[in-house]
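Please consult the sequence and the model alongside the text.

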Amino acid sequence: MKVFSSTFDDQGRLPGRVAHRRAGRDAPPVNRNPHVAWSDVPEGTRSLVLVAVDVGIPTGFDEPHRSGRDVPADLPPQEFPHWVLVDIDPRIGEIAEGALGEGDHRGFFAGDPAPAGGRSGTDGPCPPGDDGLVHRCVFLLYATDLERFPLDGTFSAADVLEAIDRHVLGEASFTGHYALDPSPA
């Protein structure tokens with residue numbers, strides 16, 4: 001199975017239009033979903049699941065999204081799911097850039113990261129304003145034998161991965177890098 005994007009190259013830089021926070025304090029977010037396409041889906045695939053995870057969110061920083069203090073580079077990273085999409089028809093072959101909307105980033109800033117999962121909108125990278133670190137967003141596509149995802153309502157990326165555990169027929173991934181600093185990563 002293969003997965004790719006015309007929005008950015010694998011291991012390339014995510015463009016600002018797919019981010020919730022762009023370089024410059026006054027740069028308005030666009031926060032649209034990137035293009036995602038797939039091919040060579042395993043035989044027997046009934047649905048796809050897409051999970052996009054930032055694997056570079058700093059832990060322990062007590063003042064995220066506030067100016068005047070740099071995010072320490074030595075904080076251990078944690079994962080943050082930016083996009084969870086289930087019940088994708090494998091026959092459509094792709095999700096166009098911006099097809100699922102713009103400006104979505106709900107839940108996380110209300111203090112509850114759980115709503116980041118289980119909906120079709122995308123929450124693009126949103127590093128704290130003083131974060132000079134390069135973040136790595138991994139897009140994971142799973143081919144499953146499930147006709148319909150078994151959970152309803154709001155669910156987390158961890159819930160999704162647990163629910164599909166014994167139903168995965170194949171998987172593929174690609175990675176984008178993002179930083180508020182516009183210089184090359």
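## Basis of the description

Two strands are said to pair if DSSP finds at least two bridges between them. Helices (H or I, at least four residues) and strands (E, at least two) are DSSP runs, numbered from the N terminus. The structure is a predicted model, in which local features need pLDDT of at least 70 and side-chain atom pairs count only at pLDDT 80 or more, while totals for chains, interfaces and linings use all residues. Residues are numbered from 1 along each chain as its sequence is written, and side-chain values use heavy atoms, with hydrogens and water left out.

The pLDDT is the predictor's confidence in each residue, from 0 to 100. For the protein chain it averages 77, and 65% of the residues score at least 70. Over residues 104-120 the pLDDT is below 50, although this stretch has 44 contacts in the model beyond near neighbours in sequence; contact means heavy atoms within 4.5 Å.

## Strand pairing

Strands S7 and S8 run antiparallel and are joined by 10 bridges. Within this pairing, Ala-143 stands opposite Gly-170 in S8. Of the 10 residues of S7, 8 are buried, so this strand is largely enclosed by the rest of the structure. Here buried means under 20% relative accessible area, exposed over 50%, and partly exposed in between (1.4 Å probe, protein chains only).

An open sheet of 3 strands has the order S1-S3-S6, with antiparallel pairing. Its edge strands, S1 (2-4) and S6 (94-95), each pair on one side only. S1 and S3 are connected by 3 bridges; Val-3 stands opposite Trp-38 in S3, and Phe-4 has Ala-37 in S3 as its bridge partner. On the S6 side, S3 pairs over 2 bridges, and Ala-37 has Glu-94 in S6 as its bridge partner.

## Nonpolar cores

A nonpolar core is a set of buried Ala, Val, Leu, Ile, Met, Phe, Trp, Tyr and Cys residues joined through side-chain atoms within 4.5 Å. In soluble globular proteins, nonpolar side chains tend to be buried together. The largest such core in this model has 22 residues, and those with the most contacts inside it are Leu-14, Val-36, Trp-38, Leu-50, Trp-83, Ile-88 and Phe-139. At least two residues of this core are supplied by each of the strands S3 (36-39), S4 (47-58), S5 (77-88), S7 (135-144) and S8 (168-178). The largest share, 4 residues, comes from S7. Apart from this core lies another, of 14 residues, among them Val-49, Val-51, Val-84 and Phe-155.

Not counting residues up to four places away in sequence, Val-36 touches Val-3, Phe-4, Leu-50, Trp-83, Gly-93, Glu-94, Ile-95 and Phe-174.

## Aromatic pairs

Rings of Phe, Tyr and Trp (its six-membered ring) pair if their centres lie within 6.5 Å; planes under 30 degrees apart count as stacked, over 60 as edge-to-face and the rest as tilted. A search of the whole structure finds 4 aromatic pairs. One of them is the tilted pair of Phe-8 and Phe-174, with 5.4 Å centre to centre and 40° between the planes. This pair links distant parts of the chain: Phe-8 is in the loop between S1 and strand S2 (12-13), whereas Phe-174 is in strand S8, 166 residues apart.

Phe-139 and Phe-174 form a stacked pair, at 4.9 Å centre to centre and 10° between the planes. Phe-139 lies in S7 and Phe-174 in S8, so the pair ties together parts that are 35 residues apart in sequence. Both Phe-8 and Phe-174 are buried, as is Phe-139. Ring pairs link Phe-8, Phe-139 and Phe-174 into a cluster.

## Thr-175 in strand S8

Thr-175 has its place in strand S8 and is buried, with a relative accessible area of 7%. Leaving aside neighbours within four places in sequence, Thr-175 is in contact with Phe-8, Asp-9, Asp-10, Gln-11, Gly-12, Arg-136, Cys-137 and Val-138. Thr-175 and Val-53 are 122 residues apart in sequence and 9.5 Å apart in space, C-alpha to C-alpha.

## Helix H1

In helix H1 (residues 157-164), Ala-157, Val-160 and Ile-164 are buried. These residues cover an arc of only 60° around the axis, which puts them on the same side of H1; the arc is that of the directions from the helix axis to the C-beta atoms. The face of H1 turned away from its buried side carries the exposed residues Ala-158 and Glu-162.
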